[in-house]
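Come along while I look things up, a few residues and elements at a time.

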Amino acid sequence: MVARLAHPRVLLALGLFLIGVVLAFHAWGGPSDAMLVPRIVLTLWCVIALAITLAELSRGSGLGSGSLSTLPVLMAAVLIAAIAVASLGFLIPSLPLVALTLWMFRLRHPLPLAVGTLVIAGGLWFLFHHVLLIRLPTLLNSGAL
């Protein structure tokens, strides 16, 4: 049982669950204005991370493989990007996140990967910043990045 808990896939899933629980605890204890969507997302995050943790723990023979499952890796990347948005703005963390997502969806050729990353991340920034007029966190005070 200890060997199963020490496996990287189980540790990643358990870490994602614990981070989600801590963040959800703080979100549910905070002010009620404009917090409904983050609370729902964090609750879903906890449910998915718990399901992944239980699935990884129940796997007996598959733990010999050193590779990580796609969903926990993507969840960890989203968490890292969400934390990085506060200091780096929206566009810079979204570029590697979109590239990783496209890579995980098996888009492996360099040119389509680069174009897809720029179009999706840049398109989301343009949509929110210029069309919907929702100001996203920026790296520069001018709002350029």
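**Entry 1: the whole chain.** I began with contacts between residues at least 6 apart in sequence, and 57% of them join residues at least 24 apart. I am keeping in mind that this is a predicted model. Next I looked up the secondary structure and found six helices and zero strands. Read from the N terminus, the order is α-α-α-α-α-α. I also checked burial: the protein chain has 145 residues, and 30% of them count as buried.

**Entry 2: α3 and α4.** I wanted to see how neighbouring helices meet. Two packed helices are described by the angle between their axes and the distance between the axes. I looked up helix α3 (residues 36–58) and helix α4 (residues 70–88), and their axes come within 11 Å and cross at roughly 145°. The crossing of α3 past α4 is left-handed. From α3, I noted Trp45, Ile48, Ala49 and Ile52 in the contact; from α4, Leu71, Pro72, Met75, Val78 and Leu79. Sorted by class, this contact of α3 with α4 holds nine nonpolar, no polar and no charged residues.

**Entry 3: α4 and α5.** I moved on to helix α5 (residues 91–104), whose axis comes within 8 Å of that of α4, with a crossing of roughly 170°. An angle over 145 degrees counts as roughly antiparallel, so α4 is roughly antiparallel to α5. Which residues of α4 meet α5? I listed Thr70, Val73, Leu74, Ala77, Val78, Ala81, Ala84, Val85 and Leu88 in α4, and they meet Ile92, Pro93, Leu97, Leu100, Thr101 and Met104 in α5. By class, the contact of α4 with α5 has 13 nonpolar, two polar and no charged residues. I see that Val78 takes part in the contact with α3 and also in the contact with α5.

**Entry 4: α5 and α6.** Here I found an angle of about 135° between α5 and α6, with the axes 9 Å apart. That angle makes α5 oblique to α6. The crossing of α5 past α6 is right-handed. On the α5 side I wrote down Leu91, Ser94, Leu95, Val98, Ala99, Leu102 and Trp103, and on the α6 side Leu113, Gly116, Thr117, Leu118, Ile120, Ala121, Gly122 and Trp125. The contact of α5 with α6 divides into eleven nonpolar, four polar and no charged residues.

**Entry 5: a closer look at Thr117.** I found Thr117 in helix α6 (residues 110–131). Is Thr117 buried or exposed? I got a relative accessible area of 8% for Thr117, and under 20% means buried, so Thr117 is buried. The Thr117 side chain reaches the backbone oxygen of Leu113 at 2.7 Å. Leaving out residues up to four places away in sequence, Thr117 touches Leu95, Val98, Ala99, Leu102 and Gly122.

Entry 6: I looked up Phe25 and found it in helix α2 (residues 8–29). Phe25 counts as exposed because its relative accessibility is 62%. From Phe25 to Thr43 I counted 18 residues in sequence, and the C-alpha to C-alpha distance is 9.6 Å.

Where does Arg106 lie? I found Arg106 in the loop between α5 and α6. Arg106 counts as exposed too, at 67% relative accessibility. Its phi is near 65°, a positive value in a residue other than glycine.

Key. Residues are numbered from 1 along each chain as its sequence is written. This is a predicted model: local features need pLDDT of at least 70, side-chain atom pairs count only at pLDDT 80 or more; totals for chains, interfaces and linings use all residues. Side-chain values use heavy atoms; hydrogens and water are left out. Axes are lines fitted to C-alpha atoms, for helices over the stretch in contact, and angles run from 0 to 180 degrees between N-to-C directions. Helices (H or I, at least four residues) and strands (E, at least two) are DSSP runs, numbered from the N terminus. A crossing is left-handed if the near helix is turned anticlockwise from the far one by less than a right angle, and right-handed if clockwise. Contact means heavy atoms within 4.5 Å. Ala, Val, Leu, Ile, Met, Phe, Trp, Tyr, Cys and Pro count as nonpolar, Asp, Glu, Lys and Arg as charged, and the others, Gly among them, as polar. Angles under 35 degrees count as roughly parallel, over 145 as roughly antiparallel, 65 to 115 as roughly perpendicular and the rest as oblique. Buried means under 20% relative accessible area, exposed over 50%, partly exposed in between (1.4 Å probe, protein chains only). A polar contact is a pair of N or O atoms within 3.5 Å; within protein, one must be able to donate a hydrogen and the other to accept it, and residues adjacent in sequence count only if both atoms are side-chain atoms.
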